[in-house]
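Reader: Please put the sequence and the structure side by side. I would like to ask how each description was reached.

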Number of protein chains: 2
Amino acid sequence: MTLKELIKPFQSDIDQFTSTYEDVMRSNIPLVDTIAKYLVKYKGKQLRPLLVVMTARLCGKPTEHTYTAAAVVELLHVASLVHDDVIDNSETRRGFASIKSKWTNKIAVLMGDYLLSKSLIGATKTDQLEVMRILATAAKRLTKGELFQLEKSKKLDLTETEYYELISDKTAALFTACTELGVVTSTQDEAHLNALSSFGENLGIAFQIKDDLLDYESKLSIIGKPAGSDILESKLTLPLIHSLNVADSKTSKALLKQIKKGLHKKDIKPIIQFVVDHGGLEYTREKAESYVQKAKDALSIFPDNEYKASLLNVVDYVTHRKK
Amino acid sequence: MTLKELIKPFQSDIDQFTSTYEDVMRSNIPLVDTIAKYLVKYKGKQLRPLLVVMTARLCGKPTEHTYTAAAVVELLHVASLVHDDVIDNSETRRGFASIKSKWTNKIAVLMGDYLLSKSLIGATKTDQLEVMRILATAAKRLTKGELFQLEKSKKLDLTETEYYELISDKTAALFTACTELGVVTSTQDEAHLNALSSFGENLGIAFQIKDDLLDYESKLSIIGKPAGSDILESKLTLPLIHSLNVADSKTSKALLKQIKKGLHKKDIKPIIQFVVDHGGLEYTREKAESYVQKAKDALSIFPDNEYKASLLNVVDYVTHRKK
């Protein structure tokens with residue numbers, strides 16, 4: 001199923017989210033407004049707001065707060081991307097110039113801060129402490145994950161267990177926030193909250209594993225960045241972690257030493273080959289599948305209906321996507 | 001009165017704040033913990049937490065939430081300083097190496113994000129939506145002020161009215177948050193809230209005007225940075241704005257043109273002289289005094305007691321400080 005097909009039954013929900021989102025983004029500072037409009041124009045997949053409204057539909061009925069929650073979670077996501085591009089020194093985002101590249105690093109830092117605080121102010125409008133708590137927790141886990149990654153990319157000693165911990169914070173935290181926000185803005189059912197929290201967490205982990213896999217599998221033309229970008233940035237991800245674990249220790253040590261020294265584009269191909277030879281891609285696919293299964297299982301407490309079916313389709317979309 | 005003398009009657013309050021603050025700062029990520037300890041060690045004046053507890057004492061009695069509020073507002077302040085040093089490319093802060101200089105820009109961006117989100121999580125612990133609202137508003141105004149400043153420093157067309165708007169966001173927002181937090185964590189009196197909100201706002205504006213004045217008046221040895229730093233960074237502040245307004249328009253235009261081109265250290269002295277000659281320092285001192293008076297007036301609804309006296313002493317400290 002394509003993303004477009006996934007969104008179709010929720011188009012009116014997404015329209016309400018979009019209107020709230022664009023309202024929150026408006027600013028009377030010309031510079032801020034220009035950047036905000038740029039960010040609105042080159043929007044991403046909007047998977048996160050979609051998760052909020054889908055979850056709310058599954059639990060009951062979206063409220064005004066559901067759309068606010070969808071907007072603030074997207075704001076938090078965009079804020080973190082604007083800062084990520086400063087941190088990773090990325091010139092492009094979603095195929096277009098990143099904020100730090102189109103404007104400056106300084107402006108990107110401030111704009112990220114501004115979007116984050118706008119997100120929080122938006123959240124207070126729901127008058128729900130629970131919404132604030134979910135959002136603040138996600139914000140903290142996002143940066144905790146990034147800081148952990150930064151530390152580990154220097155030491156290059158990320159274990160497989162630490163990898164899951166890292167992507168849980170870096171990516172799954174926001175997915176969990178989305179599903180939790182969908183629940184708390186439409187119902188107060190504790191069992192629903194636990195089930196959908198687990199769904200979001202496992203979906204998020206599967207999403208990131210798939211992302212890391214794409215970095216090894218994809219062609220530049222599809223994902224908008226060259227394969228092997230993670231390796232070039234000294235980011236150890238599951239395909240390589242597993243391959244280093246199963247290769248003989250002499251080979252692994254030599255490879256780590258080479259990565260530590262700093263890689264060039266020409267080094268990418270042999271490393272991808274090393275991963276293929278050691279079953280790194282296969283192993284990673286299996287792991288992604290196991291998280292997919294956990295996510296699906298988490299929905300078992302819900303009766304079969306169109307909303308549950310949509311969430312299951314999201315899971316399949318996330319793991320079968322080509323970019 | 002020195003800061004030490006100001007703090008003395010509130011030492012046990014400050015101790016409770018410090019203990020809460022250090023608790024919140026702790027992290028199990030080694031890199032984060034190291035940086036957090038560095039920030040705790042080279043702490044600043046802690047004027048903001050002091051304002052929170054003083055205000056709470058004036059309104060009633062500090063609660064556990066008062067100390068939490070003091071800690072989260074200091075966290076927000078420190079988070080903003082860590083990012084400011086990235087934005088202003090400052091090598092030092094409070095006389096010591098800034099985070100971006102001791103570590104890297106990347107780490108400083110992430111660490112600022114992390115402290116901000118920690119601040120928000122801390123605030124949710126009070127279970128008071130009002131606390132969240134005050135904090136989020138302050139965070140938004142801080143970054144809005146910085147973005148406005150960045151925009152204006154390029155165009156060099158900051159009017160006196162815009163200057164007050166800018167420093168209200170950039171500095172007074174946090175002072176207002178402090179006094180408001182002191183009120184809402186100790187009482188729910190609406191009249192107290194309005195009075196102390198106005199007190200915080202006017203004190204904050206007076207504080208920033210004094211800061212901007214010090215940049216023209218001070219010697220390197222006292223404030224830890226050379227006089228004229230603002231001019232070098234193309235930041236127009238009140239002494240210069242006023243002088244440009246009263247000088248003949250030909251001179252003013254020529255000076256603005258020179259600043260736009262970029263200044264060198266040797267250009268500072270003549271500009272300071274220009275400001276002195278055009279009464280810029282005197283005018284700025286008068287303006288600071290008028291905000292001082294407004295701050296003091298805001299306290300008139302309170303009976304005379306030791307806590308009111310302490311807050312009045314803070315006003316005098318802020319405007320008579322030499323750094």
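**Helix contacts and the two copies**

Reader: Which residues of α4(A) and α17(A) meet?

Author: From α4(A) come Leu51(A), Met54(A), Arg57(A) and Leu58(A), and they meet Tyr307(A), Lys308(A), Ser310(A), Leu311(A) and Val314(A) of α17(A). Contact here requires C-beta atoms, placed from the backbone, within 7 Å. The residues of this contact of α4(A) with α17(A) divide into six nonpolar, one polar and two charged. Ala, Val, Leu, Ile, Met, Phe, Trp, Tyr, Cys and Pro count as nonpolar, Asp, Glu, Lys and Arg as charged, and the others, Gly among them, as polar.

Reader: What kind of model is this, and how are residues and chains labelled?

Author: It is a predicted model, in which local features need pLDDT of at least 70 and side-chain atom pairs count only at pLDDT 80 or more, while totals for chains, interfaces and linings use all residues. Residues are numbered from 1 along each chain as its sequence is written, and chains are lettered from A and ligands numbered from 1 in the order in which they are written.

Reader: What pLDDT does chain A average?

Author: Chain A averages 93, and 98% of the residues score at least 70; pLDDT is the predictor's confidence in each residue, from 0 to 100. For the complex, the predictor gives an ipTM of 0.90 and a pTM of 0.92.

Reader: Why is α4(A) called roughly antiparallel to α17(A)?

Author: Helix α4 (residues 47-59) and helix α17 (residues 306-320) of chain A pack at about 150 degrees, their axes 9 Å apart. Roughly antiparallel means over 145 degrees (under 35 is roughly parallel, 65 to 115 roughly perpendicular, the rest oblique), so α4(A) is roughly antiparallel to α17(A). The crossing of α4(A) past α17(A) is left-handed: the near helix is turned anticlockwise from the far one by less than a right angle, clockwise being right-handed.

Reader: What makes α5(B) and α7(B) roughly antiparallel?

Author: The axes of α5 (residues 64-87) and α7 (residues 105-124) of chain B come within 8 Å and cross at roughly 160 degrees. The two helices, α5(B) and α7(B), are therefore roughly antiparallel to each other. The crossing is left-handed, and the residues of this contact of α5(B) with α7(B) divide into 14 nonpolar, six polar and two charged.

Reader: At what angle do α4(B) and α9(B) cross?

Author: Helix α4 (residues 47-59) and helix α9 (residues 160-184) of chain B cross at roughly 35 degrees, and their axes come within 7 Å. This crossing of α4(B) and α9(B) is right-handed. The residues that meet include Leu51(B) and Met54(B) in α4(B), and Phe175(B) and Cys178(B) in α9(B). The contact holds 11 nonpolar, three polar and one charged.

Reader: How do you know that the two copies are related as by a two-fold rotation axis?

Author: Chain A superposes on chain B by a rotation of 180 degrees with 0.0 Å of shift along the axis, at an RMSD of 0.1 Å. The copies are thus related as by a two-fold rotation axis. Of the residues of chain A, Leu129(A) comes closest to the rotation axis, at 3.1 Å (C-alpha).

Reader: Why are the copies said to meet through the same surface?

Author: Because 100% of the interface residues of chain A are also interface residues in chain B. Each chain gives 33 residues to the contact. On the side of chain A that touches chain B, the largest share, 14 residues, comes from α8(A). The residues of that side divide into 19 nonpolar, five polar and nine charged.

Technical notes:
Axes are lines fitted to C-alpha atoms, for helices over the stretch in contact, and angles run from 0 to 180 degrees between N-to-C directions. Helices (H or I, at least four residues) and strands (E, at least two) are DSSP runs, numbered from the N terminus. Copies are superposed by least squares on the C-alpha atoms of residues with pLDDT of at least 70 in both.
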